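Work through the exercises below with the model open beside you. Try each task before you read its solution.

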Amino acid sequence: MQETYTEFTFDAAHKTTADTPLHGHTFRARVYLSGQRHPQFGWSHDLLDVHRVVDRLKGELDHRYLNEVPGLETPTLENTTRWIYEYLRRSITGVDRVTLERGGNGYAEGCTCGAASQLATESRI
């Protein structure tokens, strides 16, 4: 078993509550993929295939008002991370987890969603 990742960015606006002013972020997503190593190529996933799905996903989010994306009516950082994770899981076998970050150095925020984070949460209960 090995782990591979791909990373992408998108810019989007959102409101999390009625009182929150409309604002935007540059988001950086990292998608972790787990799978068996291919004996010839060494990869667990052909990243050209992965990037086709990621490009479709990015088209759903980039330069969009996230509140209008179906399933993201409350686009908190956590809900957006879960939405991306579920979107990718439906199309790519072996998506282990997704990390979504916003903000720059010294003032970043992020969330991780997926199998690894679920196991860590379950072990603390």
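**Exercise 1.** Which residues does Asp11 touch, not counting residues up to four places away in sequence?

*Solution.* Keep in mind that this is a predicted model. Start by finding Asp11 in strand β1. Now list its contacts. Asp11 touches His25, Thr26, Leu61, Asp62, His63 and Arg64. One of these partners, Thr26, also meets Asp11 through a polar contact: the two side chains are joined at 2.4 Å. Next, check the surface. Asp11 counts as partly exposed because its relative accessibility is 29%, and that class lies between the 20% and 50% cut-offs. Asp11 and Val98 are 87 residues apart in sequence and 17 Å apart in space, C-alpha to C-alpha.

**Exercise 2.** Locate His63 and decide whether it is buried or exposed.

*Solution.* First, the place: His63 sits in the loop between α1 and β3. Second, the accessibility. His63 has 64% relative accessibility, so it counts as exposed. Third, the backbone. The phi of His63 is near 55°, a positive value in a residue other than glycine. Compare that with the general rule: most residues other than glycine have a negative phi.

**Exercise 3.** Find the residues with the most contacts inside the largest nonpolar core, and say which element supplies the largest share of that core.

*Solution.* Begin with the count. The largest nonpolar core has 27 residues. Inside this core, the most contacts belong to Phe10, Leu57, Leu61, Trp83, Ile84, Leu88 and Val95. Then ask where the core residues come from. At least two come from each of β1, β2, α1, α2, β4 and β5. Helix α2 gives the largest share, six residues. Now zoom in on Leu61. Leaving out residues up to four places away in sequence, Leu61 touches Phe10, Asp11, Ala12, Leu66, Leu72, Trp83 and Ile84.

**Exercise 4.** How many aromatic pairs does the structure hold? Describe the pair formed by Phe41 and Trp43.

*Solution.* The structure holds five aromatic pairs. To describe one, give the distance of the centres and the angle of the planes. For Phe41 and Trp43, the centres are 4.7 Å apart and the planes are at 20°. The pair is stacked because planes under 30 degrees apart count as such. Phe41 is partly exposed, at 49% relative accessibility. Trp43 is also partly exposed, at 32%. Elsewhere, ring pairs link Phe8, Phe10 and Phe27 into a cluster.

**Exercise 5.** Is Arg97 buried or exposed, and which side chains does it meet through polar contacts?

*Solution.* Arg97 lies in strand β4. Its relative accessibility is 17%, so Arg97 counts as buried. Next, the polar contacts. The Arg97 side chain meets that of Glu3 at 2.6 Å and that of Asp96 at 2.9 Å. Then look for a ring. The charged end of Arg97 sits over the ring of Tyr32, 3.8 Å from its centre. Now turn to Glu3, which lies in strand β1. Glu3 is partly exposed, at 43% relative accessibility. Its contacts beyond four places in sequence are Tyr32, Leu33, Ser34, Asp96 and Arg97. Glu3 and Tyr32 are 29 residues apart in sequence but 6.6 Å apart in space, C-alpha to C-alpha.

**Exercise 6.** Which side chain does Thr6 join through a polar contact?

*Solution.* Find Thr6 in strand β1. Thr6 is buried, because its relative accessible area is 7%. A polar contact of 3.0 Å joins its side chain to that of His51. Among the other residues that Thr6 touches are Ala29, Arg30 and Val54.

**Exercise 7.** Which element has the lowest mean pLDDT, and which the highest?

*Solution.* Start with the whole protein. Its average pLDDT is 91, and 92% of the residues score at least 70. Helix α3 has the lowest mean, 53, and strand β3 the highest, 98. Over residues 121–125 the pLDDT is below 50. Beyond near neighbours in sequence, that stretch has zero contacts in the model. Read it with care: where pLDDT is low, the predicted coordinates should not be read in detail.

Note on methods. Residues are numbered from 1 along each chain as its sequence is written. This is a predicted model: local features need pLDDT of at least 70, side-chain atom pairs count only at pLDDT 80 or more; totals for chains, interfaces and linings use all residues. Side-chain values use heavy atoms; hydrogens and water are left out. pLDDT is the predictor's confidence in each residue, from 0 to 100. Helices (H or I, at least four residues) and strands (E, at least two) are DSSP runs, numbered from the N terminus. Contact means heavy atoms within 4.5 Å. A nonpolar core is a set of buried Ala, Val, Leu, Ile, Met, Phe, Trp, Tyr and Cys residues joined through side-chain atoms within 4.5 Å. Buried means under 20% relative accessible area, exposed over 50%, partly exposed in between (1.4 Å probe, protein chains only). Rings of Phe, Tyr and Trp (its six-membered ring) pair if their centres lie within 6.5 Å; planes under 30 degrees apart count as stacked, over 60 as edge-to-face and the rest as tilted. A charge sits over a ring if NZ of Lys or CZ of Arg is within 6 Å of the ring centre and within 35 degrees of the ring normal. A polar contact is a pair of N or O atoms within 3.5 Å; within protein, one must be able to donate a hydrogen and the other to accept it, and residues adjacent in sequence count only if both atoms are side-chain atoms.
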